[in-house]
Amino acid sequence: MSLSIRQILAHQGYAFPKLLAYRILMVLSYQMMMVAIGWHIYELTHDPWSLGLVGLAEVVPYMGSALFAGHAVDHYFSRRGFAAVSAFFLAVNAGLLVMITQQQPAHTAWWIYGTVCLTGFARALISPSYNTLFALIIPRASIAKASGIGSSMFQIGLIVGPAIGGLLIGFADKSIAYGLSALLALAACVAALALRVTEHHSHEPMKVFASIAEGLRFVRRTQVVLAAQLLDMFAVLFGGAVAMLPAFVHDIYQMGPEGLGLLRAAPALGAIVSGIWLAKHPIHEHSGRWLLFAVAGFGACMIAFGLCTNFELAMLILAISGMMDGVSVVLRQTILQLATPDGMRGRVSAINGIFIGSSNELGAFESGLTARLMGLVPSVVFGGCMTLAVVGVTAFKAPKLRDLHLSQLH
């Protein structure tokens, strides 16, 4: 029987609010740091290609370490411990950015890219840790509802983090934004250590590569999981307009970092609306079709944003894109939680992170490359068109996802 929202929050000694605190603090820290890095890099180079390199600098170490992180979370140590370690490394990274900003070494942009690489290693632990802790805390029948709550909290961080980061850059200094990011990451470390959940590993540790292969086989053989991950990966890969926002703000809207913070926050505002709605009204029937519709809507919004020259209208379009993306995120996370065995959550979450999490950074790289080849606006319109094409191919090639009802997975 599904718990009420109040019961979910109070379950196991209010463990879920503590986990949500960890998540929102990490999102705030990461988003503030990345919006400052984006502005910092563009300020140094005035080249959209350099923004794409930020994504590449993060995704290479992330993809190289994610599968090993998933194996470790499934077999060793404590999920709380891994969550705390990821937060600590994020804090160290933000501290390094403070030093770089103040000392301004030669080739500053390359030093910044180096810190972005370190962020990729830290991020590899976040998703496996969070998803395994989520499954330990939330009863199976309440996962869809709790996913809506978690998505809303995540999106609040996506709103507040870029907004605060942009304001601090505009009215104070980049080093202040980096410093606050470090403090928030340390607070997330404390929140992770404050969790009190019973953890156990259901099997003896496997050899690393055998364990990773087991996780990969599970994803490959489970069509609804694989198709959902591929759908979102390619949609975000081609719809990565957010990475180009510093160029839009600077060159098209003729605004400062405050405008960047507002545009970065707009999609998250829309996603909060859909997350709150889905927490109260989870989609158990025709879930696959709703997922396809949401990703198609996201692609259409990217086309509209690329053609828009009005700042206020652009904010509205990005907010609608966030609503579409919010539906996609909640449905995909619910599918992942319900379809994955307990003993494989770390590895499957890591694989999901490679598909989904890395697609943001690869999307940033793709957007920077196409912006250099096609121009800024055509690159965003092209990405939106490709997202619509991906939805069409997925609907045809993955009938199990297209016809999925979440009630089939309970």
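In this predicted model, Leu19 makes contacts beyond its sequence neighbourhood, that is, leaving aside residues up to four places away, with Tyr130, Leu133, Phe134, Ile137 and Leu195. Leu19 is also among the residues with the most contacts inside the largest nonpolar core, a set of 117 residues in which Phe16, Tyr22, Ile37 and Phe305 are listed alongside it. Helix H1, spanning residues 5–45, gives the most to this core, contributing 20 residues. Apart from it lies another core of nine residues, including Ala72, Ala124, Leu125 and Ile354.

| Core | Residues in core | Some of its residues |
|---|---|---|
| Largest nonpolar core | 117 residues | Phe16, Leu19, Tyr22, Ile37, Phe305 |
| Another core | nine residues | Ala72, Ala124, Leu125, Ile354 |

A pair of helices comes next. Helix H11 (residues 287–307) packs against helix H12 (residues 311–339) at an angle of about 155 degrees, and their axes lie 8 Å apart. Because of that angle, H11 is roughly antiparallel to H12, and H11 passes H12 in a left-handed crossing. On the H11 side the contact includes Trp290, Phe298 and Phe305, while Ile317, Met324 and Leu331 are among the residues that H12 brings to it. By class, the residues of this contact divide into 18 nonpolar, four polar and one charged.

Ile100 belongs to helix H3, which covers residues 79–103. With a relative accessible area of 9%, Ile100 is buried, and, residues up to four places away in sequence not being counted, Ile100 touches Pro105, Thr108, Trp111, Ile112 and Thr115. Of these contacts, Trp111 stands eleven residues from Ile100 along the chain, with 7.4 Å separating the C-alpha atoms of the two residues.

Conventions
Residues numbered from 1 in each chain as written. Predicted model: local features only at pLDDT ≥ 70, side-chain atom pairs only at ≥ 80, totals over all residues. Heavy atoms only, no water. Axes fitted to C-alpha atoms, helices over the stretch in contact; angles between N-to-C directions. Helix = DSSP H or I, 4+ residues; strand = E, 2+ residues; numbered from the N terminus. Parallel < 35°, antiparallel > 145°, perpendicular 65-115°, else oblique. Left-handed = near helix turned anticlockwise from the far one by under 90°. Contact = heavy atoms within 4.5 Å. Nonpolar A, V, L, I, M, F, W, Y, C, P; charged D, E, K, R; others polar. Buried < 20%, exposed > 50% of the residue type's maximum accessible area, 1.4 Å probe, protein only. Core = buried A, V, L, I, M, F, W, Y, C linked by side-chain atoms within 4.5 Å.
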